[in-house]
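Subject: A structure for you to look at

Hi,

Here is the structure I promised to send over. Have a look through it first, and then read on for what turned up.

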2 protein chains.
Amino acid sequence: MAGRNLVGPEADALDLGAVLRALADEHRRAVMTELAADRGDSERGCNSFDLPISKQTQTHHFRVLREAGLIDEIDYGNRKGIRLRRADIEKRFPGLLTLLGAESPGGPAPR
Amino acid sequence: MAGRNLVGPEADALDLGAVLRALADEHRRAVMTELAADRGDSERGCNSFDLPISKQTQTHHFRVLREAGLIDEIDYGNRKGIRLRRADIEKRFPGLLTLLGAESPGGPAPR
DNA sequence: CTTCAGGTACGATGCAAGTCATACCTGAAG
DNA sequence: CTTCAGGTATGACTTGCATCGTACCTGAAG
């Protein structure tokens, strides 16, 4: 079984401060941007993101994202899955995920 | 005369990272939330925000907001004016200012 | 001129956060 | 069983940043 093993806040309890602090970090924002670009919201492995940091630090960053309520972490024991909480984010902060696609000045919309 | 004496980045050069880092701070976000709530975008004095911090720290925060491209600071010599760069922000990151009004869970739109 | 309030510049301090090293746990594959 | 890869826990280090103290600048009012 693999539900929301590692839990974050409920959709209505998402805190804007925590969310913005989470997105303020470059690496975490890169993860979120990738997740937001995938409209299928497929579950992804932790190492499918090409982060130039140690795995301990990655663990830290994913924890911050989860505690901010931005992702779910599914624990499989010796493996972990990441899934974007798109619906909850859109409900609480509509348009936020779209902004993550506006990184490049001039070429915004990912579609 | 009083144009954009203290300058920030151009509208197209607004950096999402800098913007999010600026908004991650509670005091700076409070300022931005107040500014975003005023649809008239009237110029405001620096001390019209009731910030519980020293004036040196306020100077620091306003500088961060300006360098992120979120506000203009108009220097009058011994006084200073603050104005929201609403149009530039909306052009580069549409919907961002609206999100600032979604602080309270359940009662979002300030209108 | 002097006085005073608003702001800035510089420096110091204290705390939060990002990073990694070491050690350990978990489950799958030999 | 052992081995190995993925992930976590703990602790230490270091950087960044919010904060303030002191000193100085600016313009208006007396």
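A quick definition before we start: Ala, Val, Leu, Ile, Met, Phe, Trp, Tyr, Cys and Pro count here as nonpolar, Asp, Glu, Lys and Arg as charged, and the others, Gly among them, as polar. With that sorting, the surface near DNA strand D has 3 nonpolar, 12 polar and 5 charged residues.

Please keep in mind that this is a predicted model. For chain A the mean pLDDT is 90, and 89% of the residues reach 70 or more. One stretch of chain A to treat separately is 106-111, where the pLDDT is below 50. Beyond near neighbours in sequence, that stretch has 6 contacts in the model.

Now for the two protein chains.

Where do the chains meet? In this contact, 19 residues of chain B touch 19 residues of chain A. On the chain B side, the elements that give two or more residues are α1 (16-24), α2 (26-37) and α5 (96-100). The largest share of that side comes from α1(B), with 6 residues. Sorted by class, the side of chain B that touches chain A has 10 nonpolar, 3 polar and 6 charged residues.

Next, the DNA. Around DNA strand C there are 19 residues, and the closest are A:Ser54, A:Gly77, A:Asn78, B:Cys46 and B:Thr59. The elements that give two or more residues to this surface are α3 (55-67) of chain A and α3 (55-67) of chain B. Of these, α3(A) gives the most, with 4 residues. The classes near DNA strand C come to 3 nonpolar, 12 polar and 4 charged residues.

Happy exploring, and do write back with any questions!

Best wishes

Technical notes
Residues are numbered from 1 along each chain as its sequence is written. Chains are lettered from A and ligands numbered from 1 in the order in which they are written. This is a predicted model: local features need pLDDT of at least 70, side-chain atom pairs count only at pLDDT 80 or more; totals for chains, interfaces and linings use all residues. pLDDT is the predictor's confidence in each residue, from 0 to 100. Two residues are in contact if their C-beta atoms, placed from the backbone, lie within 7 Å. A residue is near a molecule or strand if its C-beta atom, placed from the backbone, lies within 6 Å of it.
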